[in-house]
Amino acid sequence: MKRLRLYLLFFAILAVSTPVRAEITGKPRVIDGDTFEIGGQVIRLYGIDAPAEDETCTANGKPWNCGLEAGFALAFETAEHWVRCEEKGTDKDGTVLAVCFVGPYDLNALMVRKGWARAERSVSTDYVGQEEGARAARKGIWRGSRR
C-alpha cells in the first residue's frame with residue numbers, strides 16, 4: 001500500500017511539473033515574412049525577424065520591396081503544405097510565438113538560412129548560424145541593405 005502511494009505521488013508530481021506544449025496544425029495563410037494564420041490563430045515565427053511587408057531594401061543602388069519578397073518566400077515554402085507549430089509563448093501583443101515545421105523541416109531556420117529573415121538575438125540565438133551563412137552568401141535581404 002505504501003509503495004502504491006509513492007507511485008501515485010511520483011506520477012502526480014510528474015504530471016504537474018511536465019510542461020504541456022500547445023501544438024497548432026493546419027494550412028497557413030501568410031500575412032508577412034514571419035507571420036501567418038492557421039484556423040483563425042495568428043502565429044509569428046519564434047526567434048526570427050523578417051522585414052515588414054511594406055519595407056524596402058537597397059541592392060545595387062536601387063530600392064526593392066524586400067518585405068513583400070520575404071512574404072512571398074514564406075508563402076512558397078508553405079504552399080499546399082500542412083504546417084505544425086510548437087507554441088513557445090506569446091509576444092507583448094498576445095500573438096502566439098512558435099517554432100513551425102513543414103514535414104521535418106524547421107520553417108524558422110529555413111527562412112533565416114535562405115536570407116528572408118534575421119535571427120532575433122534578443123529572443124533566441126537558435127538561428128544565428130543560419131543568418132551568418134545567408135549573410136556571407138548574400139542571400140535574400142543580405143544581397144543589399146535594409147532601409
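Q: Is Cys85 buried or exposed?
A: Cys85 is buried, with a relative accessible area of 1%, where buried means under 20% relative accessible area, exposed over 50% and partly exposed in between, with a 1.4 Å probe and protein chains only. Please keep in mind that this is a predicted model, in which local features need pLDDT of at least 70 and side-chain atom pairs count only at pLDDT 80 or more, while totals for chains, interfaces and linings use all residues. Residues are numbered from 1 along each chain as its sequence is written, and side-chain values use heavy atoms, with hydrogens and water left out.

Q: Which residue does a disulfide join to Cys85?
A: Cys85 is joined to Cys100, with an S to S distance of 2.2 Å, a disulfide being a pair of cysteine sulfur atoms within 2.5 Å. Cys100 is buried as well, with a relative accessible area of 0%. The torsion about their S-S bond is about 110 degrees, so this disulfide is right-handed. Cys85 lies in strand β8 and Cys100 in strand β9, so the pair ties together parts that are 15 residues apart in sequence; helices (H or I, at least four residues) and strands (E, at least two) are DSSP runs, numbered from the N terminus.

Q: How many disulfides does a search of the whole structure find?
A: The search finds two. Cys57 and Cys66 form a disulfide with their sulfur atoms 2.0 Å apart, and both of these cysteines are buried. The torsion about the S-S bond of Cys57 and Cys66 is about 70 degrees, so that disulfide is right-handed. With bonded cysteines counted along the chain, the pattern is 1-2, 3-4.

Q: Back to Cys85, what does it touch?
A: Leaving out residues up to four places away in sequence, Cys85 touches Ala22, Glu23, Ile24, Phe36, Ile38, Ile43, Ala98, Val99 and Cys100, contact meaning heavy atoms within 4.5 Å.

Q: And in the largest nonpolar core, which residues touch the most other members?
A: Of the 37 residues in that core, Phe36, Ile43, Cys85, Cys100 and Met111 touch the most other members. A nonpolar core is a set of buried Ala, Val, Leu, Ile, Met, Phe, Trp, Tyr and Cys residues joined through side-chain atoms within 4.5 Å. The elements that give two or more residues to this core include β3 (35–38), β4 (41–45), β8 (83–90) and α2 (66–78), and β9 gives the most, with seven residues.

Q: Changing topic, where is Thr78 found?
A: Thr78 is found in helix α2 and, at 5% relative accessibility, counts as buried. A polar atom of its side chain lies 2.9 Å from the backbone oxygen of Leu74.

Q: How many salt bridges does the whole-structure search find?
A: The search finds 12, a salt bridge being a side-chain nitrogen of Lys or Arg within 4 Å of a carboxyl oxygen of Asp or Glu. One of them pairs Arg29 with Glu37, the closest N and O atoms being 3.1 Å apart.

Q: What about Arg44 and Glu120?
A: Their side chains meet in a salt bridge at 3.4 Å, N to O. This pair links distant parts of the chain, with Arg44 in strand β4 and Glu120 in the loop between β11 (118–119) and α4, 76 residues apart. Both Arg44 and Glu120 are buried, and salt bridges that share partners join Asp34, Arg44, Asp49, Arg118 and Glu120 into one network.

Note on methods:
A polar contact is a pair of N or O atoms within 3.5 Å; within protein, one must be able to donate a hydrogen and the other to accept it, and residues adjacent in sequence count only if both atoms are side-chain atoms.
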